[in-house]
Amino acid sequence: MQGQAQQQAYDRGITIFSPDGRLYQVEYAREAVKRGTASIGVKTTDGVVFAVDKRYQSPLVERESVEKIHKADDHIGIASAGHVADARQLIDFARQQAQINQLRYGEQIGVETLTKDVTDHIQQYTQVGGARPFGVALIVGGIEDGEPRLFETDPSGVPSEWQALAVGSGRSEMLEHLEDEYRDDMDLDGGIGLALETLSVAGEDAFAAAEIGVATVDVETEQFRELPDDEIESYLSEYDLLETDETDEE
Amino acid sequence: MQGQAQQQAYDRGITIFSPDGRLYQVEYAREAVKRGTASIGVKTTDGVVFAVDKRYQSPLVERESVEKIHKADDHIGIASAGHVADARQLIDFARQQAQINQLRYGEQIGVETLTKDVTDHIQQYTQVGGARPFGVALIVGGIEDGEPRLFETDPSGVPSEWQALAVGSGRSEMLEHLEDEYRDDMDLDGGIGLALETLSVAGEDAFAAAEIGVATVDVETEQFRELPDDEIESYLSEYDLLETDETDEE
Amino acid sequence: MQGQAQQQAYDRGITIFSPDGRLYQVEYAREAVKRGTASIGVKTTDGVVFAVDKRYQSPLVERESVEKIHKADDHIGIASAGHVADARQLIDFARQQAQINQLRYGEQIGVETLTKDVTDHIQQYTQVGGARPFGVALIVGGIEDGEPRLFETDPSGVPSEWQALAVGSGRSEMLEHLEDEYRDDMDLDGGIGLALETLSVAGEDAFAAAEIGVATVDVETEQFRELPDDEIESYLSEYDLLETDETDEE
Amino acid sequence: MQGQAQQQAYDRGITIFSPDGRLYQVEYAREAVKRGTASIGVKTTDGVVFAVDKRYQSPLVERESVEKIHKADDHIGIASAGHVADARQLIDFARQQAQINQLRYGEQIGVETLTKDVTDHIQQYTQVGGARPFGVALIVGGIEDGEPRLFETDPSGVPSEWQALAVGSGRSEMLEHLEDEYRDDMDLDGGIGLALETLSVAGEDAFAAAEIGVATVDVETEQFRELPDDEIESYLSEYDLLETDETDEE
Amino acid sequence: MQGQAQQQAYDRGITIFSPDGRLYQVEYAREAVKRGTASIGVKTTDGVVFAVDKRYQSPLVERESVEKIHKADDHIGIASAGHVADARQLIDFARQQAQINQLRYGEQIGVETLTKDVTDHIQQYTQVGGARPFGVALIVGGIEDGEPRLFETDPSGVPSEWQALAVGSGRSEMLEHLEDEYRDDMDLDGGIGLALETLSVAGEDAFAAAEIGVATVDVETEQFRELPDDEIESYLSEYDLLETDETDEE
Amino acid sequence: MQGQAQQQAYDRGITIFSPDGRLYQVEYAREAVKRGTASIGVKTTDGVVFAVDKRYQSPLVERESVEKIHKADDHIGIASAGHVADARQLIDFARQQAQINQLRYGEQIGVETLTKDVTDHIQQYTQVGGARPFGVALIVGGIEDGEPRLFETDPSGVPSEWQALAVGSGRSEMLEHLEDEYRDDMDLDGGIGLALETLSVAGEDAFAAAEIGVATVDVETEQFRELPDDEIESYLSEYDLLETDETDEE
Amino acid sequence: MQGQAQQQAYDRGITIFSPDGRLYQVEYAREAVKRGTASIGVKTTDGVVFAVDKRYQSPLVERESVEKIHKADDHIGIASAGHVADARQLIDFARQQAQINQLRYGEQIGVETLTKDVTDHIQQYTQVGGARPFGVALIVGGIEDGEPRLFETDPSGVPSEWQALAVGSGRSEMLEHLEDEYRDDMDLDGGIGLALETLSVAGEDAFAAAEIGVATVDVETEQFRELPDDEIESYLSEYDLLETDETDEE
């Protein structure tokens, strides 16, 4: 009871520390991330890979409208997990930053610079009163100076660079799988395979192509590209993750 | 008791997360939507269909003044469910965005663009303090590049695209009916029929024409059009949903 | 006890939803309307009729100063029920909107446009923090394009059009009477009669002329006109509602 | 206990409605008025009369400094009851409005216009947050178009016109006396007599001239005029209200 | 317990009325005045007299720095009691008003005008949120049109004019003494004597000159003047109020 | 329990009075001063003396960085006790005021003027909401018109002038010592001795030179000067306050 | 229970003092610092040394992205401990201050000036409402006028200069070690050794090079320089702190 009363005090005011130096609202925003469906990012020798769980509330929802992977700039993609409307705000912010960079300096924004612009924005919402933190984690990936880069933004506003990562529901199990299976000499195909396998770790054994989103930014073209359903189906099939018809009818 | 006290804490401050990562005020705004009478949207090969329950508190109310379907632009309609005065604000906002687009770019606003302008506006009211969320869900439908598009905006500020959807009182039962009966090769007539049948799922077996509103935006004319009573009566009659006189006199 | 504590939470913050999706402050503002003396509006073939209960706290009050019916523009009248000082603010706002319309567009404002300007204003006070809702309902009536129009504004900011309506103390009984007796082919005289009868439904059997206010906007002159006491007395007498001297002396 | 807890909730936030549609802060401001010494206004055929109770905390207070009747403009006086510092603010506001009117339109402000300017100002303090209502009632009286006018402003911001009225401590008893004794054919002398008698209803049987303030605005001169002590003494004597020396020594 | 809980509610919000129409924060500010050492003002035929208790916390304090009497303008002095830092703000405000008057109108500010400028300023802090009331009472005295004037400002913002008054610790006893002993034909010498005697009523029987401050504004010179220690000692001696050495050594 | 609950109410809102007329936040800020290490100021015939306790948390701290005495202008020094970061803000404010004075009037700021600029600044933080009071007391000393002046600023914003004073931990004992030993014909050397002795009253019997800071502003040079360690050691030795090596090794 | 309730009161409002003169929010921010991994700073005759614990949550995190040591300007480095996103804000602020100094004065900013700019910024967040304090401590080190300088900023906004210091988890044990082992004639190599040994005091016995960050600013080049892994490995090996393979495999 005492613990609960104490906790309530910190819940009400968003911008204050608890006696043990924690920011509860930021930690609760992390819970909002955990409530979201999973997103995976993998860095390979050929480029970065995004894979996301796009399962939706009703078959009547147009699956293209389930926004989990976004193009931030020609050479940068962003996958998200958590509060969807918050994710949209951060994506919009990222796109504006990319355009401003192009206009001001006549060149594409770096992946790291873009990530840090976004995390600075996120941090403001954790310190200044009158608003709540963003309840979303982003995976920001792309090509910078010919090299693939892969970042995470968390609700406290910390940027971190990863070889491979997972956010959203089932993160712990997925990260464990990635740590076991990731090799830094993977190519794009291998990265897609690892990403799909990792998605299956946290829940379903098999997916329909429509339930999955996959995108890449490769070092050759430096272009963000979302894979069509048939390509996704090939990969699912290759990794024994394709839902069979019987399953589908169920 | 403990649960209740905890919940109160989140009720008071609108822009904060609960320990499990939820935004209670947004969820309560969804309850306001559920308290509203039903609105239906169906996408067909020929265009989009809106059908709404216009039953009113008194027979003395002029039924044209029961605002459930609105013209946002020549080629876009919006149906709403929930807090009526909030809906009016969002409709006004949508109309302004449509006009601004016309003035700035000399062309009609896209259905998706308009929807996302509205959801960005909605999201602000869920994150920044000093105001409450909008207690309304909108169905935004119209023609874009010759194709019918149909979107939903929810109180958290998430846009989603649907083949057919229902908002307001009885949503679950209505969505179930739509999932069972919707076919993507339906024409406008079929869509109107499905919409009217779906309205009857959640409550009444039959309607007077005056209790129902129907509107369409077809791909040929790209014009928003509200159906007159006699047309509605024909459809109700065709689908055995027309209230007979006996019922009327009751 | 639990219910009461919960309710208090919503009372304190005006712009938040309750768990069941209601806005308590708006509902309490409706109670303020119910505490006000009754006002009636009736739409007839010849024009609109307003009738109000002007009984006052003391015989020393100058009855002209009991403001229940107001001229908003030459062709539009407004009757009110509820918190009197709030009503004055909305009337002033309506008059300004009418003048602005005249100045900007060189023509009289429409009854519907004026009503919606007012309800938009009302809605703001229910969503944005730092103020309370208006505790008043208005009946806005007048002539638009040669046709009589009759609207209600409620404390949530919803406009609705009526054939005949009542606001304030005794609304339910009065609406029931109007629903039973209203005919859409009534002329102005009949409308005045119906309005006076309806006023008597909720309380007194008879009135002195000084206790009643009546005004009309007819389609011919399109002029707001308050009836003098002798005309009111004739109508009261005609409908057997005139207080006799004995009653008066009592 | 329950009632008290509930009441506290409304006390804290000034701009909110209680579940029964009341504004407690405004009602408490009315209590501040009741705590003030009485002020009387009487309208006669010859002009308006103000009479006030000027009894003070100490005989060392200069009685001219006990501000209960104020000149708002040449032709308008204002008497007050309630929180004295608040009254001063409203009087200042009224004087400014009178001057602005003179400057803008080159003519004296009307009594009704001035009253309504003041009540609009008062209403703002009851709806918008960040301030409390004014704890004062004013009697505004003067000559307009050759006719005497007499108004009251209450803490909710409602203006009302009276033939004769009383505000402050003992209002109920005083109003009752006025209702019994007021005649609309009274002349100024009669009005002064009635006002003095009414003051004595709520408390003391007799007054020293120094304890009373009397002022008039007559239709002939249209000038606000405060009566000197000897005139007041004559009136007190005429109406058997003059404190005899024995009483004085007590 | 009930009373206490209720009281707390009013303590927290400074700008609200209690159910009985009181402003607790203003009343508590009056307590701050009572906690201050006493100040006396006396109006005589020759001018105004200020006398103050300057006893200080330590003999190491330079007694000139104990600010209890201030020159507001050449012809106006101000004595204070209560929260010292608040007094300094009001004195500064008064001096600015005096200078502004001189600059704008080319003449010295009137004592009454200055007092009312100050009380208007004080009132704002009792009505508008975001600040607390001033915890100080001022005695404003000077010459206006050749006549001595003596005013009080209280924490609610009410100005009042006195023949003689006392503020601060022991006010009741001191006022009683002044009421008994004051005569309106006193000269400056007599006024100083009365003021010193009054100071001794509330506490000490005798004073060292250093513990007392005395100032005057006389009608002849119209100049504010602080009396040097030897003059104060003469007066103390004359009125048998001078502390003997034995007392001093104690 | 009752007392505690009541006290909490005043703790939360910084700018409100308690029922007995106190400002708790200001009193708590005084506690912050008492938590700080001691600072002493002594006024002598030759100038002012500052002495401060500079003991620090770790021997690794560079003792010059322990800021307890500051140069505000060439001729004015300031010593502080209490919340260190707050002190820095007030020192910066004082330095700016000194520079502004030099720029505006082409002359050095007076010690009293500077002190009052600072206390006005402090007072604002005790009356206006949105910030807390400064938790620091300053000793402001220097030469003005050839005379040494020595002031204190306290957290309520009251300036006071002293012959000698102490602030911070042990103030009562130190003030008592100063009252016993201070003579107003002391020269600078004597003042330094008294200051050092006073520092030892509240705690340690002996000091290392590094643990003490001493500064002076003498009437001859009118320059602020911090004493080097060897001079401090001489004084400590002269007054038998120098820590011997054994003590040091302990 | 009493203590806890009292504490809650101070937790909620960030800018208020507790009855014993403490600022709880600042103290809780210090707890946030203690939750961070350790950072060490050592001042040597040749320059300043930074050493930090870079252990991370997952082996998939790119270790360069673990930001613990930052270049603030060519000649100044900053190491941090505590809330990472807050540290990033202060680093950005420091870099801007360095650039502004270069632009305004055409010269490099001093280490002390930069530190105090940062602490002034930090202090604002502890006094003015609407935001929380920064939950981070910084070690600011560099070369100023040819001399190494080493500062700490704490969450209250106090700057202090050190010979050697540690912040973050295990500070007490590490400071003790530094106090025992620090010699002011150490060269850079010795400083690096001491820093690494100190890191090992608070936890691990041995480190992989990848788990440690080391940087220097030497007096010769006056350039901030981060050591490559092989140099770190050499130092770890030299001081017997290198993790062996067996440990690594564990």
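User: Which is A:Asp154, buried or exposed?
Analyst: This is a predicted model, where local features need pLDDT of at least 70, side-chain atom pairs count only at pLDDT 80 or more, and totals for chains, interfaces and linings use all residues; side-chain values use heavy atoms, with hydrogens and water left out. Buried is under 20% relative accessible area, exposed over 50%, partly exposed in between (1.4 Å probe, protein chains only). A:Asp154 comes out at 13%, so call it buried.

User: And which residue meets the side chain of A:Asp154 in a salt bridge?
Analyst: Residues are numbered from 1 along each chain as its sequence is written, while chains are lettered from A and ligands numbered from 1 in the order in which they are written. A:Asp154 sits in the loop between strand E6 (147-153) and E7 of chain A, and its partner, 124 residues away, is in helix H2 (residues 24-34); these are DSSP runs numbered from the N terminus (helices H or I, at least four residues; strands E, at least two). The salt bridge (Lys or Arg side-chain nitrogen within 4 Å of an Asp or Glu carboxyl oxygen) spans 2.9 Å, N to O, and the residue is A:Arg30.

User: OK, over to chain A and chain G: how much area do they bury between them?
Analyst: Contact means heavy atoms within 4.5 Å, and 39 residues of chain A touch 34 of chain G that way. Buried area is the accessible area (1.4 Å probe) lost on being put together, summed over both parts. Carbon and sulfur atoms carry 54% of it, and the total is about 3,000 Å².

User: Which element of chain A gives the largest share of the side that touches chain G?
Analyst: Helix H1 (2-12), helix H4 (111-127), strand E7 (159-161) and helix H5 (171-181) each supply at least two residues. The largest share is seven residues, and it comes from H4(A).

User: Which residue of chain G forms a salt bridge with A:Asp120?
Analyst: The rule finds four salt bridges across the interface of chain A and chain G. In the one with A:Asp120, the closest N and O atoms are 3.1 Å apart, and the partner is G:Arg88.

Key:
Buried area = accessible area lost by both parts, 1.4 Å probe.
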